[in-house]
Amino acid sequence: MTTATDAGRLRDALGLLKDREQVAERLLESSAKHSFDPDRELDWDAPFEEGKWFWPPELVSLYGTPLWRRMPEERRMDLARREAASLASLGVWFEIILIQLLVRHIYDKPMDSSHVRYALTEIEDECRHSKMFTRFISRAGVRPYPVPRFHHNLARVLKTVSTTPGSFTATLLGEEVLDWMQRLTFPDERVQPLVRGITRIHVVEEARHVRYAREELRRQMVSCPRWEAELTRISSGQAARVMSISFVNPQVYTDVGLDRREAVAQVRASGHRREVMQTGARRLTDFLDEIGVLRGAGRRLWRSSGLLA
């Protein structure tokens, strides 16, 4: 087990690792200053504004496809509303997994450490985010869009066999692509104020989660056994495949009156969509490449997910 006093002696391709306790203390200070209660911060009763989107059109999966060009504006906006609800549903599913992984990570750590206290703080954040997302789904007037049953059950296996570095890689996978999209969303005046408020809160608080996960993943990758690093590469590549497939539930296409198979085929063939997903993942994949996660079979799995060019 790596301790805080090891930090000055551990180094990876990005340089010396920071002291684990000092990182956690800074994150705890930031949490005390910049945490939000969505129930109080957001006006849930305000009516939606006519003519505004629930998600930036350029980030809607069908944007720029032949189907998109044939769709009237009203149907495009309905698809954006349902895709926003689908992403919120995915967010809840993923954050429940993340909470379990964080609890497992700190199970045998010193309970009086700042590292553990920050993990508990992050769990609090994730609980609020999940409640915020479920409230948004209801407010948007749609039912949740759960991930396919196969992927739901596959995640049971992945989170059970996940190594500690694998858990933090999966954490970053779930947070960073959506974070990139949300950073484009919350300043976009074309988007509904409620959605902008939700994404602003999520971006501010997730920045701390990303920092925590990145620092810990670096520590784990330089200190874990070789077999664990290799298993992490493979499991994270498989997680990337599940994430990319589950990003938008195909039921959204049926619900707006489109042929599901045709819509899915056009999304898969869309150069714009491929660029959106790879651009959203690039900051993460560059980081994972530098610290040695994207190697061998794991790298091939990441490429097949469509998130790595």
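## Starting point

A residue is called buried here when its relative accessible area is under 20%, exposed when over 50%, and partly exposed in between, using a 1.4 Å probe and protein chains only. By that rule, 57% of the 309 residues of the protein chain count as buried.

Please keep in mind that this is a predicted model, in which local features need pLDDT of at least 70 and side-chain atom pairs count only at pLDDT 80 or more, while totals for chains, interfaces and linings use all residues. Residues are numbered from 1 along each chain as its sequence is written, and side-chain values use heavy atoms, with hydrogens and water left out.

## The whole chain

Let us begin with the overall picture. The protein chain has 13 helices and 2 strands; helices (H or I, at least four residues) and strands (E, at least two) are DSSP runs, numbered from the N terminus. Its C-alpha trace spans about 60 × 45 × 30 Å along the principal axes.

Contact means heavy atoms within 4.5 Å. Among contacts in the protein chain between residues at least 6 apart in sequence, 82% join residues at least 24 apart. The accessible surface comes to about 14500 Å², and 52% of this belongs to carbon and sulfur atoms; the areas come from the Shrake-Rupley method with a 1.4 Å probe, and for residues only the protein chains shown count as cover.

Helix 4 covers residues 73-106, and its 34 residues reach 49 Å from first C-alpha to last, close to the 50 Å expected at 1.5 Å a residue. The expected span is 1.5 Å times one less than the number of residues. Asp78 lies in helix 4 and, leaving aside neighbours within four places in sequence, is in contact with Asp255 and Val256.

Helix 5 takes in residues 114-139; its 26 residues reach 37 Å from first C-alpha to last, close to the expected 38 Å. Just after helix 5, Gly141 takes a positive phi of about 80 degrees.

Gln182 has its place in helix 7 (residues 164-185) and is buried, with a relative accessible area of 3%. Its contacts, apart from neighbours within four places in sequence, are Trp55, Phe133, Thr199, His202 and Val203. Gln182 and Val203 are 21 residues apart along the chain, and their C-alpha atoms are separated by 6.7 Å.

Asp179 also lies in helix 7. Asp179 is buried, with a relative accessible area of 11%, and its contacts beyond four places in sequence are Val203 and Glu206.

## Towards the end of the chain

Leu308 sits in the segment after helix 13 (296-305). Leu308 is buried, with a relative accessible area of 11%. Leaving aside neighbours within four places in sequence, Leu308 is in contact with Gln278, Thr285, Leu294, Arg299, Trp302 and Arg303. Arg282 is 26 residues from Leu308 in sequence, and the two are 7.4 Å apart in space, C-alpha to C-alpha.
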